[in-house]
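Try each one before you read its solution.

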Amino acid sequence: MSVRIAVAGCTGYAGGELLRLLLQHPEVTIGNLTAKSSAGSRLIEHHPHLLPLADVEVLDTTAENLAGHDVVFLALPHGASAAVAEQLGDDVLVIDAGADFRLSDPADWQKFYGTPHAGTWPYGLPELPGQRAALAQTNRIAVPGCFPTTVTLALLPALTAGLTDGRDVVVVAPTGPSGAGKSLKVNLLAAELLGNTSAYGVGGVHRHVPEMLQNFRRLGAEAPTLSFTPVLVPMARGILATVTAPLNGDNLDNKDLDKLDQRVRTAYADAYADEPFVHLLPEGIWPQTQAVLGSNAVQVQVAVDEAANRLVAVAALDNLAKGTAGGAVQSMNLALGLPETTGLSTIGVAP
(Lines give C-alpha, C1' and ligand atoms only; values in the text may rest on other atoms or scores of the structure.)
Protein backbone atom coordinates (compact mmCIF):
# COMPACT_ATOMS: atom_id res chain seq x y z
CA MET A 1 0.00 0.00 0.00
CA SER A 2 1.19 3.51 -0.79
CA VAL A 3 -0.82 6.25 0.87
CA ARG A 4 -0.43 9.83 -0.31
CA ILE A 5 -0.66 12.31 2.56
CA ALA A 6 -1.22 16.07 2.79
CA VAL A 7 -0.75 18.10 5.97
CA ALA A 8 -2.52 21.42 6.44
CA GLY A 9 -0.94 23.55 9.15
CA CYS A 10 2.44 21.94 8.56
CA THR A 11 4.49 24.73 10.16
CA GLY A 12 3.08 24.40 13.71
CA TYR A 13 4.19 22.01 16.42
CA ALA A 14 1.45 19.46 15.72
CA GLY A 15 2.07 19.64 11.98
CA GLY A 16 5.79 19.18 12.49
CA GLU A 17 5.27 16.18 14.75
CA LEU A 18 2.91 14.62 12.20
CA LEU A 19 5.58 14.97 9.54
CA ARG A 20 8.27 13.50 11.81
CA LEU A 21 6.13 10.41 12.36
CA LEU A 22 4.97 10.14 8.76
CA LEU A 23 8.55 10.23 7.51
CA GLN A 24 9.07 6.97 9.43
CA HIS A 25 5.86 5.33 8.18
CA PRO A 26 6.56 2.60 5.61
CA GLU A 27 3.25 2.95 3.78
CA VAL A 28 3.20 6.74 3.39
CA THR A 29 4.23 9.18 0.68
CA ILE A 30 4.17 12.81 1.79
CA GLY A 31 2.52 15.11 -0.72
CA ASN A 32 1.52 18.75 -0.35
CA LEU A 33 2.27 20.69 2.81
CA THR A 34 0.23 23.81 3.46
CA ALA A 35 -0.08 26.74 5.85
CA LYS A 36 -1.86 30.07 5.39
CA SER A 37 0.55 32.66 6.75
CA SER A 38 3.71 30.78 5.77
CA ALA A 39 2.81 30.01 2.16
CA GLY A 40 5.82 30.44 -0.14
CA SER A 41 8.42 29.59 2.51
CA ARG A 42 10.48 26.41 2.74
CA LEU A 43 9.77 23.86 5.44
CA ILE A 44 13.31 24.09 6.85
CA GLU A 45 12.52 27.64 7.98
CA HIS A 46 9.95 26.19 10.38
CA HIS A 47 11.19 22.66 11.13
CA PRO A 48 14.96 22.43 10.68
CA HIS A 49 14.91 18.93 12.22
CA LEU A 50 12.92 17.54 9.26
CA LEU A 51 15.86 17.39 6.87
CA PRO A 52 14.26 15.05 4.27
CA LEU A 53 11.64 17.76 3.68
CA ALA A 54 13.94 20.76 4.03
CA ASP A 55 13.43 22.19 0.55
CA VAL A 56 9.72 21.48 0.26
CA GLU A 57 7.71 24.63 -0.45
CA VAL A 58 4.85 25.40 1.91
CA LEU A 59 1.69 26.01 -0.10
CA ASP A 60 -1.44 27.94 0.76
CA THR A 61 -4.15 25.95 2.55
CA THR A 62 -6.73 25.61 -0.20
CA ALA A 63 -8.99 22.79 -1.32
CA GLU A 64 -7.08 22.67 -4.59
CA ASN A 65 -3.74 22.09 -2.86
CA LEU A 66 -5.23 19.43 -0.58
CA ALA A 67 -7.01 17.58 -3.42
CA GLY A 68 -5.61 14.37 -4.89
CA HIS A 69 -4.43 12.88 -1.60
CA ASP A 70 -5.66 9.74 0.14
CA VAL A 71 -5.37 11.26 3.62
CA VAL A 72 -5.47 14.91 4.72
CA PHE A 73 -4.36 15.86 8.21
CA LEU A 74 -5.68 19.16 9.53
CA ALA A 75 -3.31 20.66 12.12
CA LEU A 76 -5.09 23.99 12.18
CA PRO A 77 -6.19 26.39 14.92
CA HIS A 78 -9.45 25.56 16.68
CA GLY A 79 -12.40 26.66 14.56
CA ALA A 80 -10.51 26.57 11.26
CA SER A 81 -10.88 22.91 10.29
CA ALA A 82 -14.59 22.80 9.49
CA ALA A 83 -14.41 25.20 6.54
CA VAL A 84 -11.54 23.23 5.00
CA ALA A 85 -13.04 19.81 5.68
CA GLU A 86 -16.34 20.58 3.98
CA GLN A 87 -14.46 21.17 0.72
CA LEU A 88 -12.87 17.72 0.76
CA GLY A 89 -14.68 14.75 -0.76
CA ASP A 90 -16.00 11.68 0.99
CA ASP A 91 -13.34 9.60 -0.75
CA VAL A 92 -10.63 11.32 1.33
CA LEU A 93 -9.75 10.30 4.87
CA VAL A 94 -9.72 13.58 6.81
CA ILE A 95 -8.13 13.60 10.27
CA ASP A 96 -8.58 16.74 12.36
CA ALA A 97 -5.95 17.32 15.05
CA GLY A 98 -7.91 20.33 16.33
CA ALA A 99 -10.99 20.49 18.52
CA ASP A 100 -13.66 21.24 15.91
CA PHE A 101 -15.32 17.82 15.80
CA ARG A 102 -14.53 16.31 19.22
CA LEU A 103 -17.57 17.37 21.22
CA SER A 104 -21.02 15.85 20.75
CA ASP A 105 -22.95 18.53 22.66
CA PRO A 106 -23.31 21.81 20.72
CA ALA A 107 -23.93 23.65 23.99
CA ASP A 108 -20.55 22.53 25.33
CA TRP A 109 -18.84 23.73 22.17
CA GLN A 110 -20.59 27.07 22.25
CA LYS A 111 -19.76 27.57 25.94
CA PHE A 112 -16.05 26.74 25.71
CA TYR A 113 -15.21 27.85 22.16
CA GLY A 114 -17.78 30.56 21.45
CA THR A 115 -18.56 29.68 17.82
CA PRO A 116 -21.23 27.54 16.11
CA HIS A 117 -20.77 23.79 16.49
CA ALA A 118 -19.47 22.14 13.29
CA GLY A 119 -20.60 18.61 14.11
CA THR A 120 -19.13 15.44 15.59
CA TRP A 121 -16.75 12.95 14.00
CA PRO A 122 -15.67 9.50 15.22
CA TYR A 123 -13.26 9.98 18.09
CA GLY A 124 -9.63 9.01 17.56
CA LEU A 125 -8.91 7.26 20.85
CA PRO A 126 -8.70 3.57 19.88
CA GLU A 127 -8.39 2.41 23.48
CA LEU A 128 -12.01 3.33 24.24
CA PRO A 129 -14.30 0.27 24.21
CA GLY A 130 -15.59 -0.39 20.70
CA GLN A 131 -13.69 2.50 19.18
CA ARG A 132 -11.39 0.50 16.95
CA ALA A 133 -14.40 -0.82 15.05
CA ALA A 134 -15.77 2.70 14.65
CA LEU A 135 -12.46 4.01 13.33
CA ALA A 136 -12.17 1.15 10.85
CA GLN A 137 -15.39 2.27 9.14
CA THR A 138 -14.95 6.01 8.79
CA ASN A 139 -13.35 8.62 6.57
CA ARG A 140 -13.53 11.39 9.18
CA ILE A 141 -11.65 11.31 12.51
CA ALA A 142 -11.46 13.81 15.36
CA VAL A 143 -8.17 13.47 17.24
CA PRO A 144 -8.61 13.86 21.03
CA GLY A 145 -7.05 16.64 23.03
CA CYS A 146 -3.79 15.83 24.80
CA PHE A 147 -5.16 16.24 28.33
CA PRO A 148 -8.29 14.15 27.60
CA THR A 149 -6.13 11.37 26.18
CA THR A 150 -3.94 11.32 29.29
CA VAL A 151 -6.73 11.59 31.85
CA THR A 152 -9.08 9.18 30.09
CA LEU A 153 -6.44 6.46 29.88
CA ALA A 154 -5.53 7.04 33.53
CA LEU A 155 -9.12 6.45 34.67
CA LEU A 156 -10.53 4.09 32.02
CA PRO A 157 -9.97 0.77 33.87
CA ALA A 158 -11.40 2.15 37.11
CA LEU A 159 -14.56 3.36 35.40
CA THR A 160 -15.17 0.26 33.31
CA ALA A 161 -14.59 -2.01 36.34
CA GLY A 162 -16.91 0.02 38.57
CA LEU A 163 -14.15 0.96 41.00
CA THR A 164 -15.33 4.58 40.86
CA ASP A 165 -18.44 6.24 39.47
CA GLY A 166 -16.76 9.29 37.93
CA ARG A 167 -17.95 11.80 40.50
CA ASP A 168 -15.52 14.09 42.31
CA VAL A 169 -12.61 13.35 39.99
CA VAL A 170 -9.64 15.63 40.69
CA VAL A 171 -6.84 16.08 38.16
CA VAL A 172 -3.59 18.01 38.44
CA ALA A 173 -1.54 17.83 35.26
CA PRO A 174 1.83 19.51 34.66
CA THR A 175 2.61 20.02 30.99
CA GLY A 176 5.05 21.76 28.65
CA PRO A 177 4.17 24.82 26.55
CA SER A 178 4.18 23.07 23.16
CA GLY A 179 0.53 22.16 23.68
CA ALA A 180 -0.32 25.85 23.30
CA GLY A 181 1.16 25.99 19.80
CA LYS A 182 3.61 28.49 18.33
CA SER A 183 1.56 31.64 18.84
CA LEU A 184 3.39 34.28 20.87
CA LYS A 185 2.08 34.58 24.42
CA VAL A 186 3.68 36.40 27.34
CA ASN A 187 3.42 33.43 29.72
CA LEU A 188 5.29 31.26 27.21
CA LEU A 189 8.30 33.55 26.90
CA ALA A 190 11.53 32.00 28.20
CA ALA A 191 11.88 34.70 30.85
CA GLU A 192 8.44 33.79 32.22
CA LEU A 193 8.68 30.01 31.83
CA LEU A 194 12.21 29.02 32.82
CA GLY A 195 12.65 28.41 36.52
CA ASN A 196 8.92 28.82 37.04
CA THR A 197 5.78 26.71 37.50
CA SER A 198 2.30 28.17 37.16
CA ALA A 199 -1.29 26.97 37.07
CA TYR A 200 -3.65 28.14 34.34
CA GLY A 201 -7.17 27.45 33.15
CA VAL A 202 -8.19 26.97 36.79
CA GLY A 203 -11.76 26.58 37.98
CA GLY A 204 -13.31 24.45 35.27
CA VAL A 205 -12.67 26.86 32.39
CA HIS A 206 -10.10 24.83 30.43
CA ARG A 207 -11.47 23.81 27.02
CA HIS A 208 -10.64 20.15 27.58
CA VAL A 209 -12.99 19.81 30.56
CA PRO A 210 -16.15 18.97 28.55
CA GLU A 211 -14.20 16.49 26.44
CA MET A 212 -12.95 14.64 29.52
CA LEU A 213 -16.45 14.52 31.01
CA GLN A 214 -17.80 13.27 27.68
CA ASN A 215 -15.26 10.43 27.77
CA PHE A 216 -16.15 9.55 31.36
CA ARG A 217 -19.79 9.20 30.31
CA ARG A 218 -18.76 6.97 27.42
CA LEU A 219 -17.03 4.75 29.97
CA GLY A 220 -20.18 4.37 32.06
CA ALA A 221 -20.18 7.35 34.44
CA GLU A 222 -23.74 8.63 34.71
CA ALA A 223 -23.11 12.01 36.32
CA PRO A 224 -19.35 12.67 36.34
CA THR A 225 -17.83 15.75 37.90
CA LEU A 226 -14.30 17.00 37.46
CA SER A 227 -11.92 19.51 39.00
CA PHE A 228 -9.07 20.01 36.53
CA THR A 229 -5.93 22.08 37.10
CA PRO A 230 -3.31 22.17 34.35
CA VAL A 231 0.13 23.39 35.38
CA LEU A 232 2.70 24.92 33.04
CA VAL A 233 6.24 23.68 33.70
CA PRO A 234 9.58 24.43 31.99
CA MET A 235 9.85 21.43 29.69
CA ALA A 236 9.09 21.57 25.97
CA ARG A 237 6.67 18.66 25.82
CA GLY A 238 5.00 16.04 27.97
CA ILE A 239 2.10 15.60 30.41
CA LEU A 240 2.10 13.95 33.83
CA ALA A 241 -1.48 13.69 35.08
CA THR A 242 -2.32 12.71 38.64
CA VAL A 243 -5.95 11.62 38.74
CA THR A 244 -7.78 10.84 41.97
CA ALA A 245 -11.35 9.68 42.47
CA PRO A 246 -13.41 8.24 45.36
CA LEU A 247 -13.55 4.47 45.49
CA ASN A 248 -16.99 3.00 45.02
CA GLY A 249 -17.87 1.50 48.38
CA ASP A 250 -20.80 -0.44 46.94
CA ASN A 251 -18.48 -2.63 44.89
CA LEU A 252 -15.45 -2.87 47.16
CA ASP A 253 -14.48 -4.26 50.53
CA ASN A 254 -12.47 -1.32 51.81
CA LYS A 255 -11.62 -3.08 55.08
CA ASP A 256 -8.91 -5.25 53.53
CA LEU A 257 -6.37 -2.91 51.92
CA ASP A 258 -4.24 -5.68 50.41
CA LYS A 259 -7.21 -7.19 48.61
CA LEU A 260 -8.40 -3.75 47.52
CA ASP A 261 -4.97 -2.86 46.12
CA GLN A 262 -4.90 -6.14 44.23
CA ARG A 263 -8.38 -5.70 42.81
CA VAL A 264 -7.50 -2.23 41.57
CA ARG A 265 -4.24 -3.40 40.05
CA THR A 266 -5.91 -6.40 38.43
CA ALA A 267 -8.48 -4.14 36.80
CA TYR A 268 -5.71 -2.04 35.25
CA ALA A 269 -3.64 -5.03 34.23
CA ASP A 270 -6.61 -6.69 32.54
CA ALA A 271 -7.68 -3.50 30.76
CA TYR A 272 -4.25 -2.84 29.27
CA ALA A 273 -2.89 -6.37 28.83
CA ASP A 274 -3.31 -6.28 25.05
CA GLU A 275 -2.89 -2.56 24.42
CA PRO A 276 0.17 -1.86 22.26
CA PHE A 277 0.78 1.65 23.57
CA VAL A 278 -0.58 1.80 27.14
CA HIS A 279 1.69 0.24 29.74
CA LEU A 280 0.92 -0.43 33.40
CA LEU A 281 4.26 -0.12 35.15
CA PRO A 282 5.50 -2.63 37.74
CA GLU A 283 4.55 -1.82 41.31
CA GLY A 284 6.71 0.88 42.86
CA ILE A 285 7.72 2.43 39.52
CA TRP A 286 5.99 5.69 38.61
CA PRO A 287 5.49 7.31 35.21
CA GLN A 288 7.99 9.89 33.95
CA THR A 289 7.62 12.28 31.04
CA GLN A 290 11.16 11.69 29.78
CA ALA A 291 10.45 7.97 29.44
CA VAL A 292 7.77 8.60 26.80
CA LEU A 293 9.39 11.56 25.03
CA GLY A 294 8.99 11.24 21.27
CA SER A 295 7.09 7.95 21.52
CA ASN A 296 3.47 6.87 21.25
CA ALA A 297 3.63 5.18 24.64
CA VAL A 298 1.54 5.95 27.69
CA GLN A 299 2.86 4.96 31.11
CA VAL A 300 0.31 4.32 33.88
CA GLN A 301 0.59 3.52 37.58
CA VAL A 302 -2.15 3.13 40.16
CA ALA A 303 -2.46 3.05 43.95
CA VAL A 304 -5.07 3.22 46.70
CA ASP A 305 -5.00 6.09 49.21
CA GLU A 306 -6.56 4.25 52.15
CA ALA A 307 -6.86 7.30 54.43
CA ALA A 308 -8.75 9.29 51.79
CA ASN A 309 -10.57 6.26 50.34
CA ARG A 310 -9.49 7.39 46.88
CA LEU A 311 -8.00 5.80 43.83
CA VAL A 312 -4.79 7.47 42.62
CA ALA A 313 -3.82 6.96 38.97
CA VAL A 314 -0.83 8.64 37.33
CA ALA A 315 -0.28 8.71 33.57
CA ALA A 316 2.49 10.18 31.41
CA LEU A 317 2.58 10.76 27.67
CA ASP A 318 4.13 13.04 25.09
CA ASN A 319 1.48 15.65 24.31
CA LEU A 320 2.69 16.07 20.72
CA ALA A 321 3.06 12.32 20.05
CA LYS A 322 0.38 10.07 21.57
CA GLY A 323 -1.38 13.23 22.74
CA THR A 324 -1.79 14.56 19.18
CA ALA A 325 0.16 13.40 16.13
CA GLY A 326 0.83 9.84 17.29
CA GLY A 327 -2.82 9.34 18.15
CA ALA A 328 -3.70 10.70 14.71
CA VAL A 329 -1.39 8.25 12.92
CA GLN A 330 -2.62 5.38 15.09
CA SER A 331 -6.20 6.21 14.10
CA MET A 332 -5.22 6.59 10.45
CA ASN A 333 -3.72 3.09 10.48
CA LEU A 334 -7.00 1.65 11.75
CA ALA A 335 -9.06 3.55 9.19
CA LEU A 336 -6.82 2.33 6.36
CA GLY A 337 -6.81 -1.29 7.54
CA LEU A 338 -3.11 -1.21 8.43
CA PRO A 339 -1.64 -2.72 11.59
CA GLU A 340 -2.35 -0.20 14.32
CA THR A 341 1.29 0.17 15.36
CA THR A 342 2.69 0.86 11.87
CA GLY A 343 5.19 3.70 11.90
CA LEU A 344 4.86 4.26 15.66
CA SER A 345 7.30 3.50 18.47
CA THR A 346 7.07 2.92 22.21
CA ILE A 347 10.72 3.85 22.69
CA GLY A 348 11.26 7.14 24.47
CA VAL A 349 14.28 9.46 24.59
CA ALA A 350 15.94 9.85 28.00
CA PRO A 351 17.51 11.72 29.64
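**Exercise 1.** Does R167 count as buried, partly exposed or exposed, and at what relative accessibility?

*Solution.* Keep in mind that this is a predicted model. Start with the cut-offs: buried means under 20% relative accessible area, and exposed means over 50%. R167 has 47% relative accessibility, so this residue counts as partly exposed. Next, look at its partner: the side chains of R167 and D165 meet in a salt bridge, with 2.5 Å from N to O. D165 is also partly exposed, at 28%.

**Exercise 2.** Which residues form salt bridges with R132?

*Solution.* Begin with E275, whose closest O atom is 2.6 Å from the closest N atom of R132. This pair links distant parts of the chain, 143 residues apart: R132 sits in helix 5 (residues 131-135), and E275 in the loop between helix 9 (257-272) and strand 10 (278-280). Now turn to E340, which forms a salt bridge with R132 at 2.7 Å between the closest N and O atoms. Finally, check the accessibility: R132 is partly exposed at 26%, whereas E275 is buried at 13% and E340 is buried at 13%.

**Exercise 3.** Is L66 buried or exposed?

*Solution.* First locate L66 in helix 2 (residues 63-66). Its relative accessible area is 1%, so L66 is buried. Then list its contacts beyond four places in sequence, among them A6, T34, V72 and L88.

Key
Residues are numbered from 1 along each chain as its sequence is written. This is a predicted model: local features need pLDDT of at least 70, side-chain atom pairs count only at pLDDT 80 or more; totals for chains, interfaces and linings use all residues. Side-chain values use heavy atoms; hydrogens and water are left out. Helices (H or I, at least four residues) and strands (E, at least two) are DSSP runs, numbered from the N terminus. Buried means under 20% relative accessible area, exposed over 50%, partly exposed in between (1.4 Å probe, protein chains only). Contact means heavy atoms within 4.5 Å. A salt bridge is a side-chain nitrogen of Lys or Arg within 4 Å of a carboxyl oxygen of Asp or Glu.
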